[in-house]
Amino acid sequence: RDCFFNSRPHILPLLGLESVSSAPGTEQMTLSMVEVSNYADMEAWRKDFSDVILPPPVYDSSDDESDDLVLNPVFDSSDDEASPVVGGATSSQSPWNPLEAIPTTRVFELMGQQEKFSHKKRDLASKPRPSPDASVGQVRRLTRQEAAEELPQLLGGRHANDIGEPAIILGLTEGWRAEERWCSAKSFVEHYGDMPLKVHELVPVGGMGKGTELWLPAKDYISYAETADVDAPFYVFQKKFVEGVHDTLFEDYHRPELFSDDLWDLTPQLRRGFSQNRFFCLGGERSGSALHVDPHFTQAWNTLLCGEKRWVLFPPEVNPEEIGVPTDLHEKLRTPCAYWWQDWYPRLVGPGGIGEKLGMQEVVQKAGETIFVPAGWWHAVLNHGWTIAVTENAFASQTLPMAWPSLKNDIARSRALLRAIRRQRPETFDALMDLDSEAFQYVADHPDDSLDEKEDEPDFRMW
């Protein structure tokens, strides 16, 4: 403590301190308080301490019961089940504007301080994109009609070995306003140039509490993305939506009827458990996502309106280490997603590679195409040029048999789901009774959630 404060004495006025001292050999620290009246030099030391002191966290207070802000389930978009973070406003309030929290110039300063997103260690911008290998299986392209006819095969999940099949589906964007508004960076700026986009979230000092959100106007983010020459440009995976600010985005598209079945939509309680299931993805060259499996037993559809996306996919049963998924969390968080295509893709498809044996598939998705990713499939994405896409996750009832061995470990949620199925889809409930006769019979005998006793459950988080 002495070392920190004595080497940086100009932090003391901010804390309202005159001096800090510790008695030798003890844990006692003496603080001398002062009245602070002059903050004229605040900006100078704030910049000097940017590695230690971050801007105040930017978040709404919709968690607080006393707050006037209201939580609209349509805009509830929290990845963390325990932390819904949605801005909203009643009719008597102006919408919360995240751009007012931190000036754009300061946001760019903080973006430049993030190690992963600010270096050119491999100078990927000056190198060609990795070329596809002919030995890799290609994802099939289907018309809307063909996809409808083959939907059970695509979804899979009817039993443990029914893994489904990825597919590119054509013709699902007919009638979407997004075809005109999202077709290019220029068009998007014309319609949504001032719309705030969440670019990044800084981890709080000490790792506790809410992080500091970095937001930019869409026009400024697009200018950044189109000129970025770093190995890992920032990628907007918009999953937090402010009511009154982002509403129009949801009017630009509609969910394809093919993928309208979602068990998590049966009740508000189930939806709250996975509230963040709709995303808008905007990014430039070399941005994308690392290898991952979508959470909560969901499949996904992703429709691209601008640019190209290169996808690679692996079946659920593969060993993650064999396909290059980092086992070390620090490595996973610090490694640019584009490095996988440089390091692991050639290893899997080259001489002696095991990509074909593992069931590896890939495809370059074009504007206007929708890719379907079955539940449990590993996938990674690399953006080619400027891209805009919308994606949603859903838990199709057909896939419940495959998900049940893991889902049943979450006793409270699995029972809530079975009760909802029994009330709203009794024919599905009866058809699946043999899946777990004991669990299904318990729900049939105890139709009221309040009759459940509190049980000690293992720490459990769905993939």
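Q: Where is the place of Thr227 in this structure?
A: Start with the secondary structure element, then look at the surroundings. This is a predicted model. In it, Thr227 belongs to helix α9.

Q: Is Thr227 buried or exposed?
A: Read the relative accessibility against the cut-off. Exposed means over 50%. Thr227 has 59% relative accessibility, so it counts as exposed.

Q: Which way do α8 and α9 run relative to each other?
A: Take the axis angle, then apply the cut-off. The axes of helix α8 (residues 185–192) and α9 cross at roughly 160°. They come within 9 Å. Angles over 145 degrees count as roughly antiparallel. The two helices are therefore roughly antiparallel to each other.

Q: What is the hand of the crossing where α8 passes α9?
A: Hand is a separate reading from the angle. Here α8 passes α9 in a left-handed crossing.

Q: How many aromatic pairs does the structure hold?
A: Begin with the total, then take one pair. The structure holds 25 aromatic pairs. One case is Tyr221 with Tyr224: the ring centres are 6.0 Å apart and the planes stand at 40°, so this pair is tilted.

Q: What separates Tyr221 and Tyr224 along helix α9?
A: Count the residues and turn the count into helical turns. Helix α9 covers residues 218–227. Tyr221 and Tyr224 are three residues apart in it, which means a separation of about one helical turn.

Q: Is Tyr221 buried or exposed, and what about Tyr224?
A: The cut-off for buried is under 20%. Tyr221 has 0% relative accessibility, so it counts as buried. Tyr224 has 16%, so it counts as buried.

Q: Which residues do ring pairs link into a cluster?
A: Follow the pairs from ring to ring. They link Trp176, Trp182, Phe188, Tyr192, Phe241, Phe250, Tyr253, Phe280 and Trp301 into a cluster.

Q: Which ring does the charged end of Arg310 sit over?
A: Look for a charge above a ring face. The charged end of Arg310 sits over the ring of Tyr345, at 4.7 Å from its centre. Another case is Arg347, which lies over the face of Trp344. There the distance to the ring centre is 4.0 Å.

Q: Where are His296 and Phe297 found?
A: His296 is in the loop between β10 (288–292) and β11. Phe297 is in the loop between β10 and β11 too. At 3% relative accessibility, His296 counts as buried. Phe297, at 1%, counts as buried.

Q: How many of the residues of β11 are buried?
A: Compare the buried count with the strand length. In β11, 14 of the 16 residues are buried, so the strand is largely enclosed by the rest of the structure.

Q: Which sense do β11 and β14 pair in?
A: Read the direction, then the bridges. Strand β14 (residues 378–394) and β11 pair in the antiparallel sense over 14 bridges. Within this pairing, Trp311 stands opposite Val381 in β14. β11 also pairs with strand β12 (residues 361–366), antiparallel, over six bridges. Leu313 has Gln361 as its bridge partner in β12.

Q: How many bridges join β11 to β13?
A: Four bridges join strand β11 (residues 299–314) to β13, and the two run antiparallel. Thr303 stands opposite Thr370 in β13. Trp301 has Phe372 as its bridge partner there.

Q: How many bridges pair β5 and β13?
A: Strand β5 (residues 167–170) pairs with β13 over four bridges, in the antiparallel sense. The bridge partner of Ala167 in β13 is Phe372.

Q: Which residues cover the two faces of β13?
A: Sort the residues by side. Glu369, Ile371 and Val373 are on one side, with Thr370 and Phe372 on the other, and all are buried. Five of the five residues of β13 (residues 369–373) are buried, so the strand is largely enclosed by the rest of the structure.

Methods:
Residues numbered from 1 in each chain as written. Predicted model: local features only at pLDDT ≥ 70, side-chain atom pairs only at ≥ 80, totals over all residues. Heavy atoms only, no water. Phe/Tyr/Trp six-rings, centres within 6.5 Å; stacked < 30°, edge-to-face > 60°. Buried < 20%, exposed > 50% of the residue type's maximum accessible area, 1.4 Å probe, protein only. Lys NZ or Arg CZ within 6 Å of the ring centre and 35° of its normal. Pairing = 2+ DSSP bridges. Axes fitted to C-alpha atoms, helices over the stretch in contact; angles between N-to-C directions. Parallel < 35°, antiparallel > 145°, perpendicular 65-115°, else oblique. Left-handed = near helix turned anticlockwise from the far one by under 90°.
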